[in-house]
Amino acid sequence: MPRVLITTDYLRPGDEVDARLRAAGLETVHAPMTGRRDPEELVSVLDGIDAALVAHEPLTADVLSRAGQLRVVVRTGVGYDSVDVEAARRLGISVSNLPGINANAVAEYTLGLLLASARRLVESAAGVAGGGWPREDGRELRGSTLGLVGYGAAARAVVPLARAFGMDVVCTTGVPQSRRADPGVRFVPFDELLAVSDHVSIHTALTDRTRGLFDASAFARMKPGAVLVNTARGAVVDERALADAVRTGAIAGAALDVVGEEPLPADSALRDVEGITVYSHLAGQTAEARRAAGLAGAAELVAALEGRPRFPVT
């Protein structure tokens with residue numbers, strides 16, 4: 001009986017996903033990932049495992065090479081930068097993700113961050129909790145320009161929501177011209193997007209090209225009143241450069257759902273910077289998205305074990 005490791009923290013023994021996998025003739029082993037996990041611990045829990053339904057574990061070349069029985073890895077989400085895909089390919093391990101599975105959840109959350117930033121909701125609530133009654137002006141989204149960096153499923157789902165609020169939408173992307181047929185979006189180069197956007201929302205994958213894309217040079221090209229929103233990957237942003245940009249007024253602020261190291265370290269450059277709010281990686285975490293991801297992940301894992309993965313990245 002093939003053994004399946006499940007590390008995604010919202011999946012539990014006896015739940016719907018567990019039942020689906022057991023009905024497919026698989027033995028399940030749960031080891032939820034909460035916070036950082038030591039590589040040696042990961043190697044240990046992968047011992048004797050044939051397939052894994054995983055969260056953000058760092059599946060490095062070393063870890064994968066020591067998981068001698070592993071044949072399939074499925075990420076219960078879109079990003080797979082925590083997996084050394086080239087090493088997996090060399091080792092004959094199938095790696096899949098679930099493209100678009102939480103796009104609606106991420107899109108709604110993105111609008112939530114835009115509204116919270118524009119209307120200073122976090123600052124207001126914190127002020128009241130501290131005994132005050134803050135009454136600073138906010139800004140309306142209507143009539144402002146939203147710049148989307150990336151044009152994947154989540155970014156595309158943001159467009160109609162932003163347009164409903166009366167925002168103009170521009171986008172910079174590497175997707176082929178044939179996939180840019182959206183009358184609600186004006187596609188522009190990155191430099192132009194930085195120059196014209198009142199809000200910049202990151203939706204790109206983490207690659208060698210996008211790592212550190214938002215550095216001091218990028219912030220210098222943005223509007224002084226602009227706000228950065230990131231629901232993609234923390235490493236797309238140079239966090240020290242962002243902190244400096246907000247402190248000096250190069251940009252107005254940032255709402256970050258993802259950071260380079262999670263949970264946020266006590267000595268992070270992002271701490272105690274007025275105008276920067278860090279959230280706990282919640283964009284895709286709705287009951288609906290979690291259920292969909294769990295069930296789709298189970299289906300993909302079973303299909304991959306049978307040699308017919310639907311969403312392979314290897």
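Contact here means heavy atoms within 4.5 Å. The model is a predicted one, in which local features need pLDDT of at least 70 and side-chain atom pairs count only at pLDDT 80 or more, while totals for chains, interfaces and linings use all residues. Residues are numbered from 1 along each chain as its sequence is written, and side-chain values use heavy atoms, with hydrogens and water left out.

Leaving aside residues up to four places away in sequence, Phe214 touches Val149, Phe190, Leu194, Val200, Ile202, Phe219, Met222, Leu228, Val236, Val237 and Asp238. Phe214 is also among the residues with the most contacts inside the largest nonpolar core, which has 33 residues. Such a core is a set of buried Ala, Val, Leu, Ile, Met, Phe, Trp, Tyr and Cys residues joined through side-chain atoms within 4.5 Å, where buried means under 20% relative accessible area, exposed over 50%, and partly exposed in between (1.4 Å probe, protein chains only). Among the elements that give two or more residues to this core are helix H8 (190-196), strand E9 (199-202) and helix H10 (239-248), and H10 supplies the largest share, 5 residues. Helices (H or I, at least four residues) and strands (E, at least two) are DSSP runs, numbered from the N terminus. A second, separate core of 24 residues includes Leu141, Leu148, Val185 and Ala255.

Strand E9 also belongs to an open sheet of 7 strands in the order E8-E7-E6-E9-E10-E11-E12, with parallel pairing; two strands pair if DSSP finds at least two bridges between them. Strand E6 (residues 145-149) is joined to E9 by 4 bridges, and Leu148 has Ser201 as its bridge partner in E9.

Two polar side chains can be set side by side. A polar contact is a pair of N or O atoms within 3.5 Å; within protein, one must be able to donate a hydrogen and the other to accept it, and residues adjacent in sequence count only if both atoms are side-chain atoms.

| Side chain | Backbone atom | Separation |
|---|---|---|
| Arg271, polar atom | Leu264, oxygen | 2.9 Å |
| Glu300, polar atom | Phe311, nitrogen | 3.0 Å |

Arg271 lies in the loop between E11 and strand E12 (276-278), and Arg271 is partly exposed because its relative accessible area is 36%. Glu300, placed in helix H11 (residues 287-305), counts as buried because its relative accessibility is 0%.
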